[in-house]
Amino acid sequence: MSVLDNLKNMYDVKLKPRMLRTLIREQFPDENHPGRLPSELTKLISLLRTHKLLSESFDDSVDKKLAESWKSAVDEWVHAVLSLVSSNMSNKCWTGICLLGVTFQECAVHRFLASFSVWFNNIYSHIQPPAESQFVKVASLNTMSDLFSRLDGLPNAKRDGSSLASKLIQPLLKLINEDDSEAVWEGAVHLLCTILTYFPASIHRYHDNAEAAIVSKLISGSCSVNMMKKLAYCLALLPKSKGDDDSWCLMMQKILLLINVHLNDFFQGFEEETEGSEAVRALVPPGKDPPPPLGGHTLLGEALDKATKQLPISTISLLIISCCMMLTSPYPVQVTVPIVPLLALVHRVIMVDGSVPRASLPFMTGMQQEFVCSELPLLHLYSLELLTAIIEGTRSQLLPHAAYIVRLVKQYFKRCALPELRIKLYSLTKSMVVSMGVGMALYLGQEVVDNASVDLNPVGDDNGFTASIPNPKAASLAVMQSSHRKRKHSFTGSFEQQNDKIGFEVEALKNRQQSPIALKIAAVEAIEVLLTVGGGLRSESWRPAVDFLLISLATDCCKEGWDNEGKGTSSPSGPTVTLADLQLSALRALLASLLSPSRGRPPYLARAFELFRRVSAGKQQAGTKLAAFCAHALLTLEVLIHPRGLPMERFPASTYNSLDKVNNRFPENVYSGGQKHNTQGPPDSDDDDDLYHKWVGNDNIGEASALSPSKKTKDIPFETWTGNLSMAGSSGTKILEGSKEQLVMGMRSNEDEVVVESQQFQESIGQFQEHVTDDLEGPMLGTKRTVPDGGLDNKEHEVASTEDFLTDKQDGLTNVGGNVAGASSSDKGKSSVFDLDDDSSMDSFPDIVNGDPDSDVEELG
Amino acid sequence: MELVIASSSIADAGIGCWDLQSGAEQLRYKSCASPSHGLACVGDRFLASSQLREPSSSSGSVLYWSWSKPQVEVKSFPAEHIKPIAANSEGTYIVGGGQSGDIYLWEVMSGRLLKKWHAHYRAVTCLVFSEDESLLISGSEDGCVRVWSLLMIFDDYESQQATHLYLHSFTEHTLRVTDVVTGCGGCNAIIVSASEDRTCKVWSLSTGRLLRSIVFPSVIDAVVLDPAEHVFYAGSRDGNIYVAALNAESSSSSSYGMHIISSLSHRSRAVTCLAYSTEGDLLLSGSEDGMVRVWDPKTHNIVRMFKHAKGPVNNILVVRRPHYLSLGTFSNSNASSRRHGFLLPPPLDKYVNLTDEGLNNKTVIRLPTARNIPQDALYCSSRIIDEHIEDFQRQGSSAAAEMEVERLKHECGRSMQIVQQWKKMYDNLHEFCINELLDGDQVGCTK
């Protein structure tokens with residue numbers, strides 16, 4: 001047999017049957033080794049998985065003998081496993097059942113199809129007898145669930161699967177009702193969920209029994225939280241067994257009714273008496289019969305009486321979870337959601353904050369109030385969860401109720417002070433803004449920004465505010481981080497001025513304590529989403545404050561060092577948020593603030609660049625998410641700086657040296673933007689602009705010669721333009737001379753600010769200058785032409801002569817230059833498309849406006 | 001796989017449906033005389049079209065066709081003539097523009113008229129949703145283009161406070177607005193509107209200002225944007241499709257006018273509607289001569305033609321073929337669409353129903369049907385093994401053992417104490433008994 005040959009490598013098919021046999025021989029618990037440690041089982045399973053020993057998959061090139069050998073090896077395996085299953089030692093039996101479950105998952109399809117009913121019977125026999133030990137039962141329930149999971153993927157086994165599943169239901173319900181071990185309940189409920197997901201029809205007949213069983217467990221409150229969640233999930237899946245609109249609605253109605261009844265007791269004295277009855281009336285319209293109580297009539301008497309006194313909160317929370325799951329898990333047909341009662345429930349819960357109205361004060365004991373207050377946060381949390389689920393589930397159909405939710409959220413923002421709840425609230429606003437778009441951003445913008453600024457406060461007072469406003473906290477911080485502070489001041493010096501301008505409310509913030517990192521992250525993420533969706537529409541009132549907040553947050557939390565990722569303070573209770581997470585979300589939000597449409601250049605562009613570059617270049621961060629994100633941010637910002645109008649390939653007209661939107665549509669805008677900035681040096685906006693032309697031209701050197709059509713027209717305008725430019729230059733501002741070379745030089749002097757620092761780029765510029773003066777001046781400078789062209793080519797509107805037009809323009813420009821001489825130099829740049837209509841720039845060029853076809857003024861006139 | 005759907009103002013032409021790739025005609029839906037902008041595909045589930053009506057008739061008409069049947073399946077009769085209709089991409093709402101300038105908003109699943117508001121002074125001519133579908137843009141015969149925030153429309157409180165409901169109102173057009181389109185970019189998108197005053201105007205959604213106005217040689221009836229918004233295409237009544245610059249450099253040498261780069265022309269009659277196929281990067285135009293032409297926008301060549309009818313084509317839609325429709329034929333998809341629960345919804349209501357509280361409390365939603373749980377996560381046998389092993393090891397761990405020892409020691413100490421107590425009690429009892437006995441003896445002796 002070829003099995004004896006040497007193996008080629010570890011991928012050789014021959015290896016598999018051999019290895020499988022070895023495993024059976026040596027690793028298997030058999031008569032000789034009865035008490036094997038189960039830890040070896042893990043090894044066994046991982047070997048099976050890694051080498052796919054049970055898959056029996058090979059290509060046709062594998063010879064028949066080998067295939068046979070593998071098949072027989074798997075046969076042996078199955079035989080061995082089954083013999084374990086039928087063993088009467090519970091230890092071995094358990095092992096066998098678990099391995100059978102792994103076999104279900106791993107074995108070939110044809111093998112599974114051929115023998116699944118046999119395997120089913122093997123396991124079924126272990127679910128039935130009451131004497132079986134507990135862990136065997138649990139294992140067989142789980143293995144059974146694996147069987148159905150696998151069965152679902154196979155097309156022709158639906159019917160068989162259904163009939164097998166329906167056999168199981170009654171024993172399962174019996175286990176849930178009668179067994180006394182939680183592990184067994186859990187297994188049974190898990191199996192029930194699996195069946196409900198894949199073969200819902202098989203439970204159809206037992207729907208009411210199943211409901212009763214689940215609800216009685218749920219209400220009894222005798223299980224752990226995890227188990228209760230599973231039960232709630234199972235309850236939510238139950239309507240699937242009938243699969244129609246009515247049963248879904250009925251279930252929802254029953255659950256809501258039960259919750260409201262519970263709440264009536266719990267909130268007694270904390271809310272208006274009418275609240276409860278109104279909630280019930282919304283659920284059951286007057287004149288209609290209320291639905292049967294959840295879990296059927298038998299439960300009503302004993303369970304409810306007992307339960308309401310004991311554990312109402314956990315039960316209510318879990319029923320709320322059930323509602324959430326119903327709203328978000330798949331369902332075969334469309335359903336009618338009682339949206340108003342759901343929202344009313346949320347409203348009812350979150351409006352109770354533990355305060356007692358004066359009227360009911362005499363009837364309230366301190367203990368009762370204490371009890372309610374202790375349970376309320378959890379209840380609020382789940383109500384917010386429910387609200388999130390409503391938003392997710394109903395999506396666009398929420399529109400008629402969106403305004404109500406907005407008001408609810410705004411109201412709750414004011415009252416909510418616990419970090420956990422605020423985190424939830426931020427994530428809720430996030431999903432609202434994302435799912436309902438710009439319209440929602442308009443509504444919620446201010447609210448989110450106000451709250452987020454408060455939650456992010458310590459960053460605010462730690463960042464340059466100390467100088468202008470005495471702040472005891474910052475002072476104490478300053479002692480601690482004196483080494484940091486020095487650097488910080490040199491770095492954030494400009495903030496002190498901006499601080500006054502923006503009028504950040506430090507006073508109000510300084511007494512608050514520092515918010516936990518998780519809350520900060522939630523707040524920053526909410527801002528990020530807000531900027532992404534609605535940063536450009538009616539955001540003037542909050543935008544400057546947010547931009548400032550984000551740059552200071554990013555600078556601040558990145559200052560404390562980078563090496564926290566991975567080594568963060570990890571507590572034993574699962575993953576915790578670290579500073580690295582905050583850094584990442586702060587940088588993400590910063591990127592959003594740079595990219596979100598605004599008028600004019602983002603005020604902190606240079607600082608943000610510096611930050612991103614520092615992180616992505618830092619050696620320590622190599623491989624971290626932070627570095628990866630910063631690299632992405634730099635790539636994204638590149639487009640902001642070198643905008644690309646995306647022409648179609650082979651577009652017939654001379655669109656190769658097409659400019660970015662701004663220049664092209666509204667040429668004069670370039671001037672106004674540029675002049676503002678030019679008060680202290682050469683007119684770098686022009687250079688900036690020019691740079692871009694060359695940049696584009698450089699890319700197109702090959703094609704440039706093909707673009708002759710408009711070449712001729714542009715030479716003359718260019719000359720006049722430069723001539724005028726130098727005239728304008730002589731009248732005050734330092735503008736460069738008419739020579740093209742100096743244009744380029746001026747551009748170079750400024751490029752550090754404009755372009756990402758990169759040696760390569762400078763080189764390309766260098767090359768460029770040569771091209772400029774030699775052969776390529778046409779197309780390259782031609783792009784400049786757009787300035788006069790706007791006036792020249794417009795035959796319908798009679799502009800005087802080109803020269804007049806241009807001189808006017810230049811004069812206008814110098815005026816602007818004079819007017820804005822004091823403006824901050826950071827204001828330079830690529831103003832957005834819409835700056836055309838900016839009033840100030842319009843005012844300064846009355847003549848041009850008349851001649852310009854793009855402006856609306858002309859249309860009116 | 002995209003389908004081209006075209007309708008005409010002539011009733012016997014019906015709605016034509018072709019496969020864009022193969023050119024094969026699919027099903028022809030009967031008896032539809034749609035006005036311009038009066039055809040919509042509602043959430044991939046069915047087609048809806050408003051109908052041209054006799055001026056004398058008092059109500060409007062909106063018809064539904066399911067994909068699989070040529071006959072009209074659902075007829076609704078709104079309170080007035082509805083011309084433009086639009087549906088959001090999910091197919092949950094249909095908006096219709098009335099002759100009086102009112103806009104109607106219906107919930108599709110229930111047919112309820114959720115909202116009706118007075119939007120324009122004269123008839124609404126076109127309606128379009130913004131990219132994220134939270135805004136609605138309407139054009140009217142009075143030359144006005146308005147942007148509505150749907151959230152605001154539904155917010156009774158805020159809308160009473162506000163002086164006007166709209167977000168922006170663009171009034172620069174002097175004549176009837178013929179078409180409105182909006183681009184991508186969320187709140188920073190542009191809106192392009194065409195009007196009978198021979199201009200197309202480009203507006204900024206974020207600032208609400210006019211960015212550009214382009215004068216065309218003839219009236220533009222249809223506009224469509226290039227996906228990269230480099231240019232836009234304007235279908236004119238002189239039969240040309242003009243290419244007008246957005247981001248593109250506007251050529252000075254153009255013979256058509258400022259900002260008009262070039263034109264696609266086929267000496268046909270007036271172009272009435274345009275559509276863009278994103279899948280094939282193709283431009284589709286409908287003409288008064290009843291043809292649908294498919295252009296390659298790069299080469300300006302016609303790549304395909306569909307003959308729809310003798311009368312004018314006035315609506316073209318390009319929609320994705322719904323996944324449940326089989327490739328070749330539409331006819332046997334009936335059963336499968338039924339299985340997907342896509343029965344057509346009830347007709348649209350005529351009036352806003354405020355009385356039925358039970359209905360207003362509810363909303364019909366479609367929950368996801370797909371399962372997207374990763375398969376591996378479902379299997380739990382090996383998890384059970386791991387848990388069991390962990391249990392096992394935990395019991396054998398030194399910490400557990402130590403705790404057990406401590407507990408046992410404690411137990412032992414307590415037991416010892418109890419033993420001591422018992423012993424003491426026994427001693428006491430013993431002593432007591434002996435004393436009793438001795439006392440009794442003494443008493444006996446004394447007797």
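**Entry 1: a hairpin in chain B**

I started at the hairpin of β24(B) and β25(B), which has three residues between the strands; B:Gly290 takes a positive phi near 85° there. This is a predicted model: local features need pLDDT of at least 70, side-chain atom pairs count only at pLDDT 80 or more, and totals for chains, interfaces and linings use all residues. Residues are numbered from 1 along each chain as its sequence is written, chains are lettered from A and ligands numbered from 1 in the order in which they are written, and side-chain values use heavy atoms, with hydrogens and water left out.

I noted the terms for the elements. Helices (H or I, at least four residues) and strands (E, at least two) are DSSP runs, numbered from the N terminus. Two strands pair if DSSP finds at least two bridges between them.

I then checked the pairing. Strand β24 (residues 282-287) of chain B runs antiparallel to β25(B), with four bridges. B:Ser285 has B:Arg293 of β25(B) as its bridge partner. On to the next strand: β25(B) and β26 (residues 301-307) of chain B are antiparallel and share six bridges. There, B:Arg293 stands opposite B:Met305 of β26(B).

**Entry 2: how enclosed is β25(B)?**

I looked up burial next. Buried means under 20% relative accessible area, exposed over 50%, and partly exposed in between (1.4 Å probe, protein chains only). Strand β25 (residues 291-296) of chain B is largely enclosed by the rest of the structure, because six of its six residues are buried. B:Met291, B:Arg293 and B:Trp295 point one way, and B:Val292, B:Val294 and B:Asp296 the other.

I stayed with B:Arg293. It counts as buried, because its relative accessibility is 5%. Its side chain meets that of B:Asp289 in a salt bridge, 3.1 Å from N to O. A salt bridge here is a side-chain nitrogen of Lys or Arg within 4 Å of a carboxyl oxygen of Asp or Glu.

**Entry 3: positive phi**

I kept the general rule in mind: most residues other than glycine have a negative phi. B:His300 is not a glycine, yet has a positive phi of about 65°. I found B:His300 in the loop between β25 and β26 of chain B. The hairpin of these strands has four residues between them. B:His300 counts as buried, because its relative accessible area is 18%.

B:Arg198 also is no glycine, and its phi is positive at about 70°. Its place is the loop between β16 and β17 of chain B. B:Arg198 is partly exposed, because its relative accessible area is 37%.

**Entry 4: salt bridges**

I found 33 salt bridges over all chains. I looked at two that span the chain.

In chain A, A:Arg588 bridges to A:Glu528, with the closest N and O atoms 3.9 Å apart. The pair links distant parts of the chain: A:Arg588 lies in helix α27 (residues 579-595) and A:Glu528 in helix α25 (residues 517-534), 60 residues apart. A:Arg588 is partly exposed at 37% relative accessibility, whereas A:Glu528 is buried at 17%.

In chain B, B:Arg237 bridges to B:Glu196, with the closest N and O atoms 3.1 Å apart. These two sit in loops, 41 residues apart: B:Arg237 between β20 (231-236) and β21 (240-245), B:Glu196 between β16 (190-195) and β17 (199-204). B:Arg237 is partly exposed at 37%, and B:Glu196 is partly exposed at 24%.

I also logged a network: shared partners join A:Glu56, A:Lys71, A:Asp75 and A:Arg111 through salt bridges.

**Entry 5: the nonpolar core**

I used this rule: a nonpolar core is a set of buried Ala, Val, Leu, Ile, Met, Phe, Trp, Tyr and Cys residues joined through side-chain atoms within 4.5 Å. The largest one has 231 residues, and A:Trp77, A:Phe148 and A:Phe612 have the most contacts inside it. Helix α18 (residues 419-455) of chain A gives the largest share of this core, 14 residues.

I listed neighbours of A:Trp77, taking contact as heavy atoms within 4.5 Å. Leaving out residues up to four places away in sequence, A:Trp77 touches residues including A:Leu20, A:Phe28, A:Leu54 and A:Thr103.

**Entry 6: chain B overall**

I counted six helices and 28 strands in chain B. Of its 447 residues, 55% count as buried.
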